[in-house]
Amino acid sequence: MIDYASALSGRVKEIQPSGIRKFFDLLEGMPDAISLSVGEPDFVTPWHIRDAGIYSLEKGFTKYTSNAGLMDLRRELSRYMLRKFDLTYDPARQLLITVGGSEGIDIAIRALVDQGDEVVIPVPSFVCYGPIVSMSGGNPVYIETKVENEFRLTAEEVRSAITPRTKAILLPFPNNPTGAVMERADLEAIADVLRGTNIIVLADEIYAELTYGGKHVSMANIPDMYARTVVISGFSKSHSMTGWRMGYICGPAELIRQMTKIHQYAIMCAPTTSQYAALEAVKDGDKDVEMMRREYDYRRHFLLEELAEAGLSCFEPRGAFYAFPSIRSTGLSSDAFCERFLQEEHVAVVPGTAFGQGGEGFVRISYARSIGDLAEAMNRLKRFLNRL
Amino acid sequence: MEEILKLLEEDGRYTAAQIAAMLGRDEAEVAAQIAEYEEKQIILGYPALIDWDKTGGETVTALIEVKIAPQRGDGFERVAERIYQYDEVESLYLMSGAYDLAVTISGRTLREVAEFVSAHLAPIDGVTGTATHFILKRYKDKHRLFSKLPEQEERMLFV
């Protein structure tokens, strides 16, 4: 008999599986359910991008690419980063193509963290940062962002979280699940805290293309911060390419070189077909991004209006495709709210607690769904709230 | 302003309240704007897009190329008028290129459509020739597909 428990790594066993599984199990038995729970665009990848992937297969481009990814793709990405975000990266030394933003997060954290190092992570946020830090032997240090600050990270919060062991700070903005964005002034205040330290900024900017009413500003745009910032991004949300698993990281050459070593041994290279599709996306996909952004913005306005009508308070999310309303007025916990809403009205939303501390009292609603679905879901919400 | 038109072109059933919510604007203002579009005939109607093939009813649709000799003073207008007033005519466009007018007509049978062409269309003064093309299958109209794309396997994951 093999004792699997002692065979497994202690670090891995300590990682908690997502508590959201039970909702998925409930959902499976409900054919009429409306799921506003998935953080994924509802658009199919634009055809010209799919076609480029298909064409690369027809041409027989089925071999590995270089570890860092197709040079053509890195060149085009470099142009894209300049065109869209005013950031300059050398395609040969400062850009690495990854398997989705997820791999970028993983290798960026692993390249920095030694046993006992601390990584500052604002929460609520996407769930992977803490576990990756822990698996690398580091300690996540969480900062709860506050609704009264529109879920932005403040300089004071950062100052009180950093210690001599702090190696890095995650900046996941525009934020999943809150929809919060950081404006230039917010970033400048945090930059003041970081100047003179050796802390690296890991800017997860996967939603950078999806901002409403103002262009995204990266920490790398702030004076002196470029040299300490690794931008992690990808095509999943901007170009509706989740299944292609196409991401990239950009940053100082010294860091990218080390991260490339992990990538080389763990992954070899990102999938070739996906890279050819991404090349088309980055060359000729700006209009697709704009079309989808406009569509999300319609839905965002619509959802906020409906939430206000339903009597749930919600700060205005200005990025990504989530609203994060407070459900405190109902007297229910986030978990109970979501479970009852799903059981009774067959609408799935995600409890704020799934995104870490500070999420209690909130739920995440994804508006990457059609207006028709959103309208029906909001009718059900009003009915549900009236009954409570 | 054009955003309202684009939204209604996507879905004619959006209410003024829904459009106002989507655009973050005032409902009364949007309703007034829509009324104005209707008044000015910028919005001509809100027909449903129907796949008649799925109803089991037999209909055939033809696209007919019509060549005409332009008439002094009236150009193509007079001939066009004589064509579009038939209820059978679904659409009529003036074209550049190898022919002049493109007419679409629906009927119950091939014969019915062919008879319409020979009895009504071809004899019109100024029409010098017609070519009738029957539509065999509709794939897409008004940005809508007539058959659903296959859906990817349902999956439950947390992102």
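**Figure 1. Domain 1 and domain 2 of chain A have C-alpha centres that lie 24 Å apart.** Everything shown here and in the other views comes from a predicted model. The domain assignment gives domain 1 as residues 4-45 plus 288-387, and domain 2 as residues 47-284. Where these two parts of chain A meet, the contact takes 35 residues from domain 1 and 36 residues from domain 2. On the domain 1 side, α2 (10-14), α12 and β9 (322-323) of chain A each supply at least two residues. Helix α12(A) gives the largest share of that side, seven residues. Sorted by class, the domain 1 side has 16 nonpolar, ten polar and nine charged residues.

**Figure 2. Chain A as a whole has 14 helices and twelve strands.** Its radius of gyration is 21 Å, close to the 21 Å from the globule rule for 388 residues, so chain A is as compact as a globular protein of that length. The C-alpha trace of chain A spans about 60 × 60 × 50 Å along its principal axes. Among contacts in chain A with a separation of 6 or more, 75% are between residues 24 or more positions apart.

**Figure 3. Helix α14 of chain A covers residues 371-387, and its buried residues are Ile371(A), Leu374(A), Ala377(A), Met378(A) and Leu381(A).** A reminder for reading the view: an α-helix has 3.6 residues a turn, so residues three or four places apart point the same way. The face turned away from the buried side of α14(A) carries the exposed residues Arg383(A), Asn386(A) and Arg387(A). What lies over the buried residues of α14(A)? The cover includes β1 (34-35), α12 (286-310) and β10 (347-348) of chain A, together with α2 (16-23) of chain B. As a check on geometry, the 17 residues of α14(A) should span 24 Å at 1.5 Å a residue, and the end C-alpha atoms are 24 Å apart, which agrees.

**Figure 4. The contact between chain A and chain B takes 15 residues from chain A and eight residues from chain B.** On the chain A side, α3 (21-28), α12 and α14 each supply at least two residues. Helix α12(A) provides the largest share of the chain A side, five residues. By class, the chain A side has nine nonpolar, three polar and three charged residues.

**Figure 5. Two cis peptide bonds come into view, one joining Phe173(A) and Pro174(A) and one from Asn176(A) to Pro177(A).** Omega is about -5 degrees for the bond between Phe173(A) and Pro174(A), and near 15 degrees for the bond from Asn176(A) to Pro177(A). Pro174(A) is found in the loop between β5 (166-171) and α9 (184-194) of chain A, and Pro177(A) also sits in the loop between β5 and α9 of chain A. For context, most peptide bonds are trans.

**Figure 6. Asp224(A) has a positive phi, near 70 degrees, and His143(B) has a positive phi of about 70 degrees.** Most residues other than glycine have a negative phi. Asp224(A) is placed in the loop between β6 (200-204) and β7 (229-234) of chain A, whereas His143(B) lies in the loop between β5 (140-141) and β6 (144-145) of chain B. Asp224(A) counts as exposed because it has 12 C-beta neighbours inside 10 Å. His143(B) counts as exposed with 8 C-beta neighbours inside 10 Å.

Conventions. Residues are numbered from 1 along each chain as its sequence is written. Chains are lettered from A and ligands numbered from 1 in the order in which they are written. This is a predicted model: local features need pLDDT of at least 70, side-chain atom pairs count only at pLDDT 80 or more; totals for chains, interfaces and linings use all residues. Helices (H or I, at least four residues) and strands (E, at least two) are DSSP runs, numbered from the N terminus. The expected span of a helix is 1.5 Å times one less than its number of residues. A residue is buried if 20 or more other C-beta atoms lie within 10 Å of its own, exposed if 12 or fewer, and partly exposed in between; C-beta atoms are placed from the backbone. Two residues are in contact if their C-beta atoms, placed from the backbone, lie within 7 Å. Ala, Val, Leu, Ile, Met, Phe, Trp, Tyr, Cys and Pro count as nonpolar, Asp, Glu, Lys and Arg as charged, and the others, Gly among them, as polar. The radius of gyration is taken over C-alpha atoms; the globule rule is 2.2 Å times the number of residues to the power 0.38. Domain bounds come from an automatic or database domain assignment.
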